[in-house]
Each structure stands twice: as structure tokens, then as C-alpha cells.
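First I want the sequence and the model side by side, and then I'll jot down what I look up.

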Amino acid sequence: MNWTWFHRLASPPHVYALAGRLTPWFAWPAALLIAGGLWGGLVLAPPDYQQGDGFRIIYVHAPSAWMSLMVYMTMAVAAAIGLIWRMKVAHAVAASCAPIGASFTVAALVTGSLWGRPMWGTYWEWDPRLTSELILLFLYLGYMGLRSGLEDTQRADRASAVLAVVGVVNVPIIHYSVTWWNSLHQAPSVMRFDRPAMPAAMLVPLLMMLLGFTLLFVALLLTRLRGEVLTRERAASWIREALSP
Amino acid sequence: MSAPGVALAPERAAALAVSGAGAAWLALLRDLTLAFRRRGQLVQPLAFFAIVTLLFPLAVSPELTRLREMAPGVLWTAALLASLLALEFLFRDDAYDGTLEQYALSGQSLTALMFAKSAAHWLLTGLPLALMAPLAALSLGAPAAAVAGIVASVAVGSVALSLIGSIGAALTLGMKRSGALLSLLTLPLSLPVLIFGARATQLAIAGEAYLAPLELLGALAVLGVTLAPLAAAAAVRISLE
Amino acid sequence: MSNQPLRVENLHLWRGERHVLRGLTFSLGRGTCLQVKGPNGSGKTSLLRTLCGLIYPEEGRVLWDGEDVRRDLRAFHARLAYLGHEPPLKGDLTAGENLRFWVGVRRRLSLADLDAALARAGAGGCSARLVRTLSAGQRRRVALAGLALLAVPLWLLDEPTTNLDADGQELVGQLIAEQLARGATVIAAVHHDLPRAVPAIEQLELAA
């Protein structure tokens, strides 16, 4: 089989250039979708019959929570590819994912606890979703801690990749155990996303936000990836050409 | 060609071969022998466990009714931390003197050898903790009838802890100050063990059936046995690169 | 089996930002010893670790009996013995116990074999002593005894003569010579030349 196209695709100068070209194609749609989704969600959508205007935080909370998991999956898949095929660019992708995912996780935690104030009367409730989200944050912190603790980039890449794969196997187990634990101690929570009949005026902005956040992630990932490639290839000669005006 | 000394492997390979299980058994024996040459270090996790359980009556209240309610959480938190304490040394000496290198180049399954190391860690910390946990539980007001349940849950749960911990220990190999990072890596992955273990202990203390959470702990231990040595072996190889 | 069991093709290795090995190619026959020389940091240790498969090279491959060793790394490992800077011995075990565990993981071992190997390496009285109490030179002799016991056709030695007195160095030379006479292949990274007792030496000079 001819693998030249594959190696060309994965070569740092090509990745650097390609990521730069692709970024606007994700960033602009993301900005439009998020602006539209926010307007639709915060202005156009009717207040919830139970939660009033308080529910509107869902337009930031749900997409953040969704992305926090999605980014972890992406990171683990990239890490596995890097481990199995020894692809350096895949490791760079995984390394770029972590801070973005951790930021989404923090956003989900903050909005979740803000939401908790009107719903439960406290900023923190040991709700299974929020608890799992908090543990996910620790998984991200562990991943980044391991990367920064290992000085050799190659070793940091491969060791953190093992951790990401181990983490992804554990995420469902952790979530299951936390849900199980919660069912022992508490009545089911008020906060739910899966109500059967969400009116379209509420649902459409939410979907726009979900898609917008996903595109935002891709745009951020591409930008971070360029930085990551530059750092890793700082000794290479192509960089001088790429950066010269 | 002949020369004094032993012949080269190919000629006598079949007669001399050591199976993967045989190699793992020797590796286990080696770790146990070494541990018993340094008995002082063996006692440390146990003493740590005892002193952490002692902190709670002093910090909260000596009332047995309140302590009994807290006992499962106290026991499991202390067991988790004690198991973690011994992990930092799981691979350290072996990495330093080149034993890990020899394991990786032994032609034997590194996964099997990693399993042996986790087994040694469990025999040296998990099992003693399981035997000591009832004493701690009794001092926290648990009834004598709960002893069997507590021993069983700590014994099974600590198997999973030793295995999960071996991954973290292998990943942080060669770092100068790995203690805090090791906890950050290992604790989130250990939470399911804590949850099911504390629940089993709680039910045992309340005199109810604790089989369901115990089975879940068993499932975690089985999953750990199948996957953790693989991950630890991969991590050790990476540390040798 | 060919007469050139070990073949290295176009090996490229980067350590961090340094291009350590640049297209290294060589073959090595049975009964020959390759002496790898070069200043500190020239990649002697990296080369040995790459040959035995601990380090994955950026490019190139290592062949044993005509087959890429990556195909079945474990089978290749069963044929080689690697001795790093530090002898892989535990201070809290006796020399005999150390060998029983280290070598025993790889092959069955009788007590008689063990004692004979220790005696041959000039460490006959050390068997029952804790390695902690042995001198650096004695430890290296114990490690060399273990190496001989492994009975494999490929030795990779990193500075085998460090910490040894003149007698010890001579002994390393004799052990290598015996191993070569059995038809084995030896690669040694050294600072100073190997003792004269070693026949059939080929040279490889690594640049800094």
C-alpha cells in the first residue's frame, strides 16, 4: 500500500499550514451559531413553566458538559492513534485537547452550580452529573500534571496517552458508580435535560449551541495544535520559512 | 563448537524454558523476600492506616453512635491512602537498579511480571489492611458480627486498588517528586472502589446483606486483573525508552 | 541461520533535539565482538538500547537471523542479554539469590550451575553474602556470572569493565572470549579498549 499521502498529511509543516487554513472555516460558523443560539435561548425562547428564566443557563451548561466528555473522547482516540501508529501529530492533537476540555469542564461546573442556586437553594449539590463532572476535571488535571511532570516530550506523549486510554475505560465505570451511589442517598434530582416534550423554540437554540460549541472546539483545537507543532519543531528549518513574512 | 561453561540457549532451549507463570511466581517471591528483609517498611502502611482512623474520634467526637455512622467512610479513606502510600515504592528501586530493564528484556511477558508485582503489593499491604480493618471498625463502634463483611470487602477492594495503583506508579516512574501527582492520577480512578467498598462495609455494619456491592467490587477486581497489568507494562516500557 | 546473525540497517535515532544515530548500518558475524567507542553523549548507550528494542528508532531496523526483531520482540529478547551501567542486583539479597531470581525468570537453573558460574567469574565466596556488603568490583563479577548463566547468543554490554581492577578486566576479556568461542556475538560500549584476551574485535566509532 502507498502511504505517502498519509505521511505527507501527518508531516509537521503540512499540519501547521493545513490547521491555519482550516481554522476560519470552523471559527466563523461557530461564532454565528453561538450568537444565534444565545439570542434564541436567552431572548426568543419562552420561560420554563417550572423554573422560569433560571432554566436558560442550560444553553451554556449543557453544551459545556457535552463538550467536556466529547473532548476527552477525542483526546483518548488521538492518544491511542499516537500510541499504536507512533504518530507524533496525533500526540500533539491529544496534548492540545486537554486544556480545552478542562476549560469546558470548569464551565460546566460553574454554570451547574449557578443553576443549583435557584433550583436547590445551594451552590453545590452532590448531584451525580455534577459529581461526575468534577471527577472528570480531576482526570484532566491528572493528564496535564503527568505531561508537565515528564520533561522528555516523547515520553510525556506516550505516558499521558496510556493515561488517557485508561481514563476513557474508567469514565463509564466512574459515572455508573457515582449514579449508583447517588441513588442510595438522594431523591432523583430536579435537573433534567431529557424531558420528553421540549418545545421547538427552546430546543432549536440548544441544538445550535451544541453545534456551535463543537465547531468552537475544533477551531480552538486547530489553533492550539499550531502552537504545539511550533513548540515541538522549534529546531526545524521549515519554521523559519513558515514564519518569515 | 564447544567451550567450557554452559551451552548457548538454542541447543537446550526446550529443557531450560521457564513458563510465564513460573517467571511471575519467581518475581512475586523476589518481591516478598525483599520486603521481609526490610520489615520496618512493611509496618508503615499499617501504622498509617491505624493513625488515620484514630484521627476521626479525636477530630469529630468519641460518641460511638456518630462514629459508627462514619466508620465505613473512615475505613475506606484510610485504606485508600495507606495503599497509595506504599505505591510510590512499587517500582522505584527496580527502576533504579535496572531490574525493570531486565524484566522488559527477559523474553517473558512483561504483563505477567507486572501482575506479579501488583500481587506482591496486595499481599504486603491490601491483605494486612483487610485483616486490620475489623480492629479499626470495632474501635469505631461496629458490631462484632460485621467483621466477616469488612474483611471480605477490604480484601477484594484492595485487589482493585493495587492494580489501579500499579498503572499510576508506572506512569510516574523516574519523576523526582511523584507523590502528589501519583495521588492525582490514582484517586479519581479508585473512586468506584471507594463507593462500592464503603457501601458494602456500611451494610455489613448495619447487619444487612452486603453481597451486591461486594460483587461489584469483585467485578472491578476482575476488570483490574485483566487490564491493569497490560497498561502498567506499557507504561514501564515507555519509561525505559 | 546465516553466518551474520545480526544486521543493522540505516538506523536513525533522535534523542530530544539531537540526531544521535545517522543512518548506521553494519552486520556482525558469529564469534565476533564489536567494540563501540566514542565520547560521552555520542550515543553508545542509546545504540545498545535501540539494538535490544528498548528504544524505538525513528528509522531503520535491526535484523536477527534475517528477520526484523520487531516481528517477535520477545523471541529476540530470549536470545540476548543486556547489561547496563549498574548491575541489576539487589543489595538486600545475597549474590546467589540475586542470580536465582534474575536468571531464573528466564531459564531453569541448578545450584551447581550457579556456583560454577560464580566461581568462574571469580566471585565464588560471595554466593551467600548480601550484595550490599560486596565491593563494586565484586558486584560486577556477580553480574557477569549471571550473564554467562543466561546462555544466550547475543551479549550487549555497556561499559563492562568499569569498577574492575586489572584482574577483573582480564576476566571480562576471558569471559567474552569464551562466549565468542561458543559462536556468540558480543557488542560492548567502552571508554577504554577491551582487554587483549578478546579476539576478533571490530570497531565502531561514534562521533559526538
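Over the ring of which residue does the charged end of R117(A) sit? I looked, and the ring belongs to Y123(A), with the charged end 5.4 Å from its centre. A reminder to myself before I go on: this is a predicted model.

I then noted another arginine in chain A. R226(A) lies over the face of Y16(A), and I wrote down 4.2 Å from the ring centre.

**Aromatic pairs**

Next I went through the rings. How many aromatic pairs does a search of the whole structure find? Over all chains, the search gives 9. I picked F104(A) and F213(A) to start with: their pair is tilted, at 5.8 Å centre to centre and with 40° between the planes. F104(A) belongs to helix α4 (residues 88–120) of chain A and F213(A) to helix α7 (residues 200–232) of chain A, so this pair ties together parts 109 residues apart in sequence. I checked burial too, and both F104(A) and F213(A) are buried.

Then I turned to Y176(A) and F196(B). Their ring centres are 6.5 Å apart and their planes stand at 50°, so I put this pair down as tilted. It crosses between chains: Y176(A) is in helix α6 (residues 153–185) of chain A, and F196(B) is in helix α9 (residues 179–206) of chain B. Are the two partners buried or exposed? Y176(A) has 45% relative accessibility, so it counts as partly exposed. F196(B) has a relative accessible area of 2% and is buried.

I also have a cluster to log in chain A: W124(A), W126(A) and W181(A) form one aromatic cluster.

**A strand in chain C**

Now to strand β7 (residues 154–158) of chain C. Why do I call it largely enclosed by the rest of the structure? I do so because 5 of its 5 residues are buried. In a regular strand, side chains alternate between the two faces of the sheet.

Which strands pair with β7(C)? Strand β6 (residues 80–83) of chain C runs parallel to β7(C), joined by 4 bridges, and Y82(C) has L156(C) as its bridge partner. Strand β8 (residues 185–189) of chain C also pairs with β7(C) in the parallel sense, over 5 bridges. There I found W155(C) opposite V186(C).

β7(C), helix α6 (residues 166–181) of chain C and β8(C) make a β-α-β unit, and I noted it as right-handed.

Methods. Residues numbered from 1 in each chain as written. Chains lettered and ligands numbered in written order. Predicted model: local features only at pLDDT ≥ 70, side-chain atom pairs only at ≥ 80, totals over all residues. Heavy atoms only, no water. Phe/Tyr/Trp six-rings, centres within 6.5 Å; stacked < 30°, edge-to-face > 60°. Helix = DSSP H or I, 4+ residues; strand = E, 2+ residues; numbered from the N terminus. Buried < 20%, exposed > 50% of the residue type's maximum accessible area, 1.4 Å probe, protein only. Lys NZ or Arg CZ within 6 Å of the ring centre and 35° of its normal. Pairing = 2+ DSSP bridges. Right-handed = clockwise from strand over helix to strand, strands pointing away.
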